[in-house]
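I opened this notebook to keep track of what I looked up, in the order in which I looked it up. The entries follow the structure shown here.

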Amino acid sequence: MRVTVIGAGYVGLVTAACFADVGNTVVCVERDPQRIAALRKAQVPFYEPGLSELVARNAQASRMRFVEDVAQGLPGAQVCFIAVGTPPLPSGQADMSQVRGAAAEIGRCVDGPLVVVQKSTAPVGTVAMVQGIIDQELAARGVQHWVRVVSNPEFLKEGSAIDDFTRGDRIVLGSRDERAVAVMRELYRPFNRNHEKIMVMDPASSELTKYAANTMLATRISFMNELARLAEAVGADIEQVRLGMGVDQRIGSHFLYAGAGYGGSCFPKDVKALAFMAREAGLRAELTEAVDSVNQRQKQRMFEKIAAHFAADGLRGKTIAVWGLAFKPNTDDMRDAPAIDLIEALLAAGARVRAFDPVAMESARRLWGEREGLELVADAPSALEGADALAVVTEWHAFRSPDFEQLARSLKARVVFDGRNLWEPASVRAAGLSYHGIGRG
Ligand code: NAD
């Protein structure tokens, strides 16, 4: 099939490359000049394992090409994905301007029958809104084409995006139009071979499913973070509690990790957007609002622990090594990452920070540039040079088994703050270090 994808971010580029890889002809439309310049050299402008090879292979085989506007990218397409950003507005509402813009461009350029696939995470009613914008543009042009908008939320995770896309748990389609659904079934057929994964539902349910799934996962994390505080207060170990809970098949072991708080481009904004959607509907999503506020508080937790440890002579003039900047391992995405809250709080308290991440250094440089008190260093050992303490914020594999005796020799105050409960407190203490985890009372 001939497919156009608008937006070459984490979702759009993975979608485009995976459909190209099974033989479709895909045009990626990306308006960001830096992203498009990189893509035209078959370089992926962000870190996602396996994606560079996939893009290079399909660009080389002429199954993928890159253009900067919809007018060049849409003619002749049978399916057009909208995979643009829906960042949060200050109210928590999803900013729909990129989706509206893409819809208008489609309406102005469509030249034949087309299924428009709304893949961006967007509130209930977006399919109808996009359909309305396209119909209006068509009417203004005085032309008639069969164009149907289908909701198809994306459930991939950064860091394992290709696997999630090609072998995901489900493919949700929100549409009442049989012809549009048939086109989508055909397009997804290569990824739907092992067992039936396609779930067709009405657009509103499809749109809500995406928010429901992300908010449920975020709820589990915030619940564990709340329990971690209780564990600290009453002298329990949240890691033991987690294991004891997780074996219960009604609960399951995923997303039960207490830590420095959740971040990333999805959970924080989707939780807020769900709460906003409820308010718009005249309801109050009390649990969802609590999930968000527990998380905001949790993102301060590591700083509170560090400040409490150094309370006697304060943080001014202290140097804190920070390992991990990305919001989770295997990505360079720092959107809403807990490391940002920690580093900002440390700098505001007069501490110096030496920070390292295995892949997010470029994202960190873009975020902070030259920042007084902050040094972005080349590797994990360099972060320890002259440091009083170490804080680990992202659970990269490379941070799981450091040489604790070496750490004890390097850190002036001989103290570590383990924001992901990566380490066994007894082994760390045996090396002569003070250990502070999350919820390890
Ligand atoms: P992103 O911000 O990385 O990428 C979006 C891209 O769209 C940007 O490069 C932007 O320049 C481009 N764009 C916007 N309007 C355009 C236009 N009119 N023409 C051409 N290009 C345009 O976003 P992302 O992380 O890929 O997320 C996209 C959507 O998917 C969001 O709604 C997000 O919530 C959702 N989602 C993201 C993930 C994830 O892990 N990142 C997972 C599931 C769903």
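Which residues of α11 are buried? I note before answering that I am working from a predicted model. The buried residues of α11 are F267, P268, K269, D270, V271, A273, L274, A275, F276, M277 and A278.

**Entry on helix α11.** I counted how much of this helix is covered, and since 11 of the 14 residues of α11 are buried, I wrote it down as largely enclosed by the rest of the structure. I then looked for what those buried residues pack against, and found α9 (203-234) and α12 (286-298). I also checked the length of α11, which covers residues 267-280: at 1.5 Å a residue its 14 residues should span 20 Å, and the end C-alpha atoms are 20 Å apart, so the two values agree. Following the chain beyond the helix, I came to G282, which has a positive phi, near 80°.

**Entry on the sheet.** I traced an open sheet of six strands, and its order reads β11-β10-β9-β12-β13-β14, with parallel pairing. At its edges I found β11 (374-376) and β14 (434-436), each of which pairs on one side only. Ignoring direction, I noted that neighbouring strands of this sheet are turned by 20° against each other on average.

I reminded myself that the strands of a sheet pair through backbone hydrogen bonds, either parallel or antiparallel. How many bridges join β9 to β10? There are five, between residues 319-323 of β9 and residues 352-356 of β10, and the two strands run parallel. As one example of this pairing, I looked up I320 and found that its bridge partner in β10 is V353.

I also looked for a helix lying on these strands, and recorded that α15 (residues 361-368) lies across β10 and β11, running at about 150° to β11.

**Entry on the cysteines.** How many disulfides does the model hold? The count comes to zero, with a disulfide taken as a pair of cysteine sulfur atoms within 2.5 Å. For C18, the nearest cysteine sulfur is that of C28, 11 Å away, and C18 is in no disulfide.

Definitions and conventions. Residues numbered from 1 in each chain as written. Predicted model: local features only at pLDDT ≥ 70, side-chain atom pairs only at ≥ 80, totals over all residues. Heavy atoms only, no water. Pairing = 2+ DSSP bridges. Helix = DSSP H or I, 4+ residues; strand = E, 2+ residues; numbered from the N terminus. Axes fitted to C-alpha atoms, helices over the stretch in contact; angles between N-to-C directions. Contact = heavy atoms within 4.5 Å. Expected span 1.5 Å × (residues − 1). Buried < 20%, exposed > 50% of the residue type's maximum accessible area, 1.4 Å probe, protein only.
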